[in-house]
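Welcome, and please take a moment with the model below.

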Amino acid sequence: MKSILLSGILALSLSVAAYAQEAVIGAILPLSGSSATQGEDQRRGMELALEKINADGGVLGHPLKIVTEDSGGRMATALDAAKKLVTVDKVPVVLGEFSSGITIPIAQYLLQQDRVHINIGSSSTQIRTLGKGAFSVIGLDDVSGAFAAQDVFAEGAKKVAVIAPNNAYGQGITNAFAAKFKSLGGVVTSTVLYTEGQTTYRRELQQLAAGEPDLYVYTAYGKESATINRESFELGLNDKKWYGLYLTMCTADSDPQYVEGQIGMDLNYIGGNGADYQKTYEAKFKSGFTSTFNGFAYDGVMLVAAAINKANSLDPKKIETAIADIGKSYDGATGPIVLDADGQRSAQPYLRLKVESGKAVATQ
């Protein structure tokens, strides 16, 4: 009887030990709301990473699991999701969100709770100031804004009007764009920061037009950009060029007739190591990339899995140390990822795109 009892206790102990080593990480994505198209594409990238990791043996000898929460594109909902992932699911790492205005507060909460945060879709320069334990596999707006300004100036535009969301992302990228554009000799006739969630943006668009710019520069989340593109078309503003900051984000949810001929910059989302990933995506989902953001979500999960295995632990501090070490030189699907002293991707390649026959195609 005693031996049976001891055997049962041993089996239970082994079971508990095995369970304790199961790797579960969290993700917060906008699977509904204005950025649902991009959020679903992020989820697709994570799904492909999970399949590859687990096919290769998982982490710590177990399949990796991701608990994914829907932010709905709302900060309060995202914060509730972050608290649930920490207190209920007890995850050591959380990836997400998409909007900088949501990513920043959830990252701040996670760091307060001694968890690791991986930014996979936001680009506000405020993210750089979050502190230890916060990492970005995507470049920030000080780089992208300067790239776009040079691109617009090379297009021949000397006077531009800019519209963007009134949040950390919109403020950051418009400031970076304007500073570089003015240094080149250009003029920003007006900058309109719109309130998210409106049913119409006609008043804001009329403000833009009043300055008689050579070209309109805009950035907006999926469904809001669809409204902006439709109304600008109806107001006759498409007689001048439109330049999208992260063009696929700006056009993915828009009727093709409203965005035909638009130009813009976007993430160079496939590096030299990304061809197989692209083939896998297309085979799995029977389509080309929905957005440019799925590869960064894929790289985020792959980086975390590699760090857990390197740390041989689910302890957040050990994972943090391992990410910093691996991030000195990591070959991702989106190209080489080198994290700087602040945990941010130090270089980010960009593409120049143009919408032709309803599709955004690279022009260089």
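Which helix holds both Arg43 and Glu47, and how many residues apart are they? Both lie in helix H2, four residues apart, about one turn of the helix. Helices (H or I, at least four residues) and strands (E, at least two) are DSSP runs, numbered from the N terminus.

Before going on, please note that this is a predicted model, in which local features need pLDDT of at least 70 and side-chain atom pairs count only at pLDDT 80 or more, while totals for chains, interfaces and linings use all residues. Residues are numbered from 1 along each chain as its sequence is written, and side-chain values use heavy atoms, with hydrogens and water left out.

## Salt bridges

The side chains of Arg43 and Glu47 form a salt bridge, at 2.8 Å from N to O. The term stands for a side-chain nitrogen of Lys or Arg within 4 Å of a carboxyl oxygen of Asp or Glu. Arg43 is partly exposed, with a relative accessible area of 26%, and Glu47 is also partly exposed, at 21%. Here buried means under 20% relative accessible area, exposed over 50%, and partly exposed in between (1.4 Å probe, protein chains only).

Helix H2, which spans residues 36–55, holds another such pair: Arg44 and Glu40 are four residues apart, or about one helical turn. Their closest N and O atoms are 3.9 Å apart, and they too make a salt bridge. Arg44 is buried, with a relative accessible area of 17%, whereas Glu40 is partly exposed, at 30%. These residues belong to a network of salt bridges that links Glu40, Arg43, Arg44, Glu47, Glu51 and Lys284.

In the whole structure, the search finds 22 salt bridges. One of them joins the side chains of Arg352 and Glu155, at 2.2 Å from N to O. Arg352 lies in strand E13 (residues 350–356) and Glu155 in the loop between helix H5 (141–154) and strand E6 (159–165), so this pair ties together parts that are 197 residues apart in sequence. Arg352 is buried, at 12% relative accessibility, while Glu155 is partly exposed, at 28%.

## The nonpolar core

Next comes the core. A nonpolar core is a set of buried Ala, Val, Leu, Ile, Met, Phe, Trp, Tyr and Cys residues joined through side-chain atoms within 4.5 Å. The largest one has 70 residues, and Ile118 and Val160 touch the most other members. Helix H12 (residues 294–311) gives the most to this core, with 10 residues. Apart from this core lies another, of 14 residues, among them Tyr201, Ile228, Leu237 and Trp242.

What does Ile118 touch, not counting residues up to four places away in sequence? Its partners include Val93, Val94, Leu95, Phe135, Val137, Val304 and Ile323. Contact here means heavy atoms within 4.5 Å.

## Cavities and pockets

Rolling a probe the size of a water molecule over the atoms shows where empty space is left. On a 1 Å grid over the protein atoms alone, a cavity is a set of points where a 1.4 Å probe fits but cannot get out, and a pocket is an open set with protein on both sides within 12 Å along at least five of seven lines; lining residues have an atom within 4 Å of a point. Grid points are joined across faces, edges and corners, and a volume is the space filled by probe spheres set on the points.

| Space | Volume |
|---|---|
| Largest cavity | about 70 Å³ |
| Second largest cavity | about 60 Å³ |
| Largest pocket | about 490 Å³ |
| Second largest pocket | about 260 Å³ |

There are two cavities of 30 Å³ or more. The lining of the largest cavity includes Phe98, Ser99 and Tyr221, and Phe98, Ser99 and Tyr221 are also among the residues that line the second largest cavity.

The largest pocket is lined by 22 residues, and Thr248, Phe289, Thr290, Lys359 and Ala360 are the closest to its centre. Strand E14 gives the largest share of this lining, four residues.

The second largest pocket has 17 lining residues, of which Lys52, Asn273, Asp276, Tyr277 and Tyr298 lie nearest its centre. Among the elements that give two or more residues to this lining are H2 and H12, while H11 gives the largest share, four residues.
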